[in-house]
Amino acid sequence: MEKIIDENQQGNSLVLDQNENNNRKLYIESYGCQMNFSDSEIVASILAKEGFNTTQKMEDADLVLVNTCSIRDKAEQTIRKRLEKFNAVKRINPKMKVGVLGCMAERLKDKFLEEEKIVDLVVGPDAYKDLPNLVQEIDQGRDAVNVILSKEETYGDISPVRLNSNGVSAFVSITRGCDNMCTFCVVPFTRGRERSRDPQSILDEVNDLWSRGFKEITLLGQNVDSYLWYGGGLKKDFAKATDIQKATAVNFANLLELVAQAQPKMRIRFSTSNPQDMTLDVIHTMAAHRNICNYIHLPVQSGSDAILKAMNRQHTRAEYFQLIDNIRKILPDCAISQDMIAGFPTETEEDHKDTLSLMEYVKYDFGFMFAYSERPGTLAERKMEDDVPEDVKKRRLTEIINLQQKHSHYRTQQHLGKTEEVLIEGTSKKSDEHWMGRNSQNTVVVFPKENYKVGEFVNVTIKDCTSATLMGEAVGYSDNN
């Protein structure tokens with residue numbers, strides 16, 4: 001899978017402060033991973049300078065954009081249904097223009113323009129800076145397309161607006177694209193080759209967020225551990241770099257340290273890591289800085305060496321265990337989460353049992369689990385038969401989910417009786433009398449509001465738990481405020 005997909009965020013319409021000089025209205029929905037939500041902020045920043053204010057009422061919009069995901073069939077089906085809805089609104093407001101952004105745009109550009117007559121604009125993930133020109137095209141009654149993948153574009157020079165933000169936490173994109181050609185994944189084809197953003201532009205964005213009151217950032221990329229800045233260019237071309245470029249290159253551990261040192265009171269998270277690329281220097285950097293959270297999202301996808309090989313994952317089961325052991329040794333309190341695919345082509349019952357036994361070994365804090373769905377354009381779709389019956393996939397997925405729930409409860413119980421620092425993000429969904437926030441391990445903590453405020457760091461003693469949530473009582477401010 002790509003990044004963490006938060007089902008609660010899917011289809012959110014985004015809104016930002018209104019500019020009284022802007023006289024056009026933009027409605028933008030996002031689906032898929034956090035990278036897509038981050039990209040929507042970039043798009044809104046670009047279009048704000050072109051006279052667009054955001055609206056949450058689609059019927060009022062001059063331009064409707066949907067930022068799309070190709071990672072699962074369910075995501076694509078959702079987009080199809082939304083396009084039908086947009087079509088109904090367009091019949092009422094024929095001046096409204098509709099555009100598709102993101103990964104589906106790159107993959108299905110011809111279908112969108114030829115079959116889905118509603119779509120006026122198709123823009124791939126590397127072409128957002130071309131939006132002013134593309135909007136001019138559709139204003140003049142022509143369809144507009146740009147899905148060219150770039151070897152350079154990182155959007156490092158654009159300061160994203162923060163849409164629907166809680167004002168506390170923000171995403172900072174550090175890489176784009178991916179060089180890991182996992183056979184199940186469409187990302188390398190929709191987002192292109194891996195390139196990293198200038199570290200100074202990242203530090204400038206982090207410092208700006210701190211000055212505006214943000215208390216936590218997540219460094220974001222398809223594969224953050226692959227971050228490598230040597231003056232610009234693709235990661236795969238690093239071998240051709242000069243000796244000076246190689247000597248002064250910044251890798252992910254270096255970047256993590258630079259960010260942690262730049263704002264010592266700001267919490268730092270990152271996502272997503274790839275087991276084959278995560279190095280011990282990253283874990284040692286986490287251990288050396290209190291403000292880097294003790295949480296790693298470490299997708300494994302399968303516990304079977306045979307399936308890992310079929311997926312073109314560049315690590316073995318034994319190598320994954322070694323990485324887990326090193327994390328536990330260097331960061332004993334570190335939470336680890338997973339992505340898991342059930343029913344990948346050729347998966348046998350023995351392969352499935354290997355996945356369950358790997359989960360028993362790691363005992364993940366939480367996970368993101370899916371039945372395999374064939375994605376058009378991937379190597380698995382072209383070369384492998386989707387040969388695991390749907391009922392078998394569902395049964396295996398259920399067994400994985402049930403085991404994860406057991407482990408999640410085991411992990412939350414480890415927090416009972418401890419006093420932990422929590423960053424308040426907002427009111428609890430279940431009670432207006434309680435705050436919710438997260439501890440360093442990214443677990444949700446709920447506690448009575450009293451006189452505390454959003455954005456404050458509070459020490460909370462954990463009294464009770466479910467498999468997903470910790471409940472406690474605040475005992476005072478942490479020394480991080």
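Helix H15 covers residues 390-413, and at 1.5 Å a residue its 24 residues should span 34 Å; the end C-alpha atoms lie 35 Å apart, which agrees. The expected span here is 1.5 Å times one less than the number of residues, and helices (H or I, at least four residues) and strands (E, at least two) are DSSP runs numbered from the N terminus. The model is a predicted one, in which local features need pLDDT of at least 70 and side-chain atom pairs count only at pLDDT 80 or more, while totals for chains, interfaces and linings use all residues. Residues are numbered from 1 along each chain as its sequence is written, and side-chain values use heavy atoms, with hydrogens and water left out.

The buried residues of H15 (buried: under 20% relative accessible area, 1.4 Å probe, protein chains only) include Val-392, Lys-393, Arg-396, Leu-397, Ile-400, Leu-403, Gln-404 and His-407. An α-helix has 3.6 residues a turn, so residues three or four places apart point the same way. Cover for the buried residues of H15 comes from elements including helix H12 (317-330), helix H13 (349-362), strand S20 (457-465) and strand S21 (469-477).

For the protein chain as a whole, 15 helices and 21 strands are found, and buried residues make up 58% of its 481 residues. Of the contacts (heavy atoms within 4.5 Å) between residues at least 6 apart in sequence, 72% join residues at least 24 apart. As for confidence, pLDDT (the predictor's confidence in each residue, from 0 to 100) has a mean of 88 in the chain, with 89% of residues reaching 70 or more. Residues 1-7 call for some care in reading, as pLDDT stays under 50 there.

A cis peptide bond, with omega of about 5°, joins Ser-271 and Thr-272; Thr-272 sits in the loop between strand S13 (267-271) and H10. Gln-301, although not a glycine, has a positive phi of about 75°. This residue lies in the loop between strand S14 (295-297) and helix H11 (305-310), and Gln-301 counts as buried because its relative accessibility is 1%. Asn-442, also not a glycine, has a positive phi of about 75° and is placed in the loop between strand S18 (434-438) and strand S19 (444-448). At 16% relative accessibility, Asn-442 counts as buried too. Most residues other than glycine have a negative phi, and most peptide bonds are trans.

Note on methods:
Buried < 20%, exposed > 50% of the residue type's maximum accessible area, 1.4 Å probe, protein only.
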